[in-house]
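Here is a short report on one protein model. Look at the sequence and the fold first, then read on.

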Amino acid sequence: MSIVTLVSGGLDSTLVACLAKEAGNPQHPLFIDYGQRSKEKELDACRRAMALIGLGSPEVAELSGFGKLVRSGLTDRGLRVLEDAYTPGRNMLFLLAGAAYAERLGAEAVAIGLLHDQTCIFDDQRLDFLNAAEGLLKMAIGRPIEIITPLKEFYKRDVVELAEQKGLTGTYSCHLGEDTPCGKCIACLEYRFGD
């Protein structure tokens with residue numbers, strides 16, 4: 001099965017790409033520039049991660065104008081990165097871009113690195129959203145595009161353990177995009193297992 005893998009430079013999507021590579025699936029990594037504050041750090045990490053696992057440099061979808069249309073601390077430096085983290089339509093944008101790219105390439109699926117529903121903060125991370133999105137994508141694209149979520153039964157601790165076993169390093173997940181992760185945004189807080 002040929003897959004468009006949505007990659008961000010973070011640990012979850014890097015692990016998804018690694019697992020697809022190990023399974024022998026032809027894949028096409030796609031990085032989405034949605035106007036996120038952390039774009040440069042994410043893209044640098046993404047390019048390094050794809051090279052580490054033996055994939056080519058990701059295709060970059062230049063959709064940065066989306067970040068100007070929504071109210072989100074992930075795209076607007078004037079908002080709070082934690083309290084204003086919700087980014088309306090972000091995962092639908094990712095899936096639509098991935099499915100459109102899959103249609104162009106003749107790929108059958110889009111892979112996204114979402115974790116267990118119990119860890120979800122926003123509705124567009126849940127299985128019911130993904131099931132509905134798959135139906136919408138079929139209508140939007142004109143043929144079925146499967147949404148693959150290989151980490152949907154994982155918690156962050158599971159991701160970290162498996163990524164360590166596979167030697168995945170150098171990923172970047174902070175929403176602020178600074179050299180040193182802030183430790184306060186949603187992406188950073190996911191790594192605080194004992195708190």
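At 23% relative accessibility, Arg-143 counts as partly exposed. That label follows from the cut-offs: buried means under 20% relative accessible area, exposed over 50%, and partly exposed in between, with a 1.4 Å probe and protein chains only. Arg-143 forms a salt bridge with Glu-103, and their closest N and O atoms are 2.6 Å apart. (A salt bridge is a side-chain nitrogen of Lys or Arg within 4 Å of a carboxyl oxygen of Asp or Glu.) The pair links distant parts of the chain, 40 residues apart: Arg-143 sits in the loop between H5 and strand S5 (146-148), Glu-103 in helix H4. Glu-103 is partly exposed too, with a relative accessible area of 37%.

Helices (H or I, at least four residues) and strands (E, at least two) are DSSP runs, numbered from the N terminus. This is a predicted model: local features need pLDDT of at least 70, side-chain atom pairs count only at pLDDT 80 or more, and totals for chains, interfaces and linings use all residues. Residues are numbered from 1 along each chain as its sequence is written, and side-chain values use heavy atoms, with hydrogens and water left out.

How many salt bridges does the structure hold? There are 11. In one of them, the side chains of Lys-156 and Asp-12 meet at 2.7 Å, N to O. Lys-156 is in helix H6 (residues 156-165) and Asp-12 is in helix H1, so this pair also joins distant parts of the chain, 144 residues apart. Both Lys-156 and Asp-12 are buried. Together with Glu-190, they form a network of salt bridges.

Arg-80 pairs with Asp-84, the closest N and O atoms being 3.3 Å apart. Arg-80 is partly exposed, at 47% relative accessible area. Asp-84 is buried, at 9%.

## A buried charge without a partner

Asp-124 is found in the loop between strand S4 (109-111) and helix H5 (127-141). Asp-124 is buried yet has no salt bridge. Which side chain of opposite charge is nearest? That is Arg-90, 5.9 Å away. For charge, Lys and Arg count as positive and Asp and Glu as negative; His and the chain ends are not counted.

Asp-124 touches Arg-90, Asn-91, Leu-114 and Phe-129, not counting residues up to four places away in sequence. Contact means heavy atoms within 4.5 Å.

## Helix H6

The buried residues of H6 are Lys-156, Val-159, Val-160, Leu-162 and Ala-163. What covers them includes H1. After H6 comes Gly-167, whose phi is positive, near 70 degrees.

## The cavity

A cavity is a set of points, on a 1 Å grid over the protein atoms alone, where a 1.4 Å probe fits but cannot get out; lining residues have an atom within 4 Å of a point. The count comes to one cavity of 30 Å³ or more. The largest cavity has a volume of about 780 Å³, a volume being the space filled by probe spheres set on the points, which are joined across faces, edges and corners. Of the 38 residues that line the largest cavity, the closest to its centre are Ser-8, Asp-12, Arg-90, Gly-113 and His-175.

The lining divides into 21 nonpolar, 11 polar and six charged residues. (Ala, Val, Leu, Ile, Met, Phe, Trp, Tyr, Cys and Pro count as nonpolar, Asp, Glu, Lys and Arg as charged, and the others, Gly among them, as polar.)

Key:
1 Å grid on protein atoms, 1.4 Å probe; cavity = no way out; pocket = protein on both sides within 12 Å on 5 of 7 lines; lining within 4 Å.
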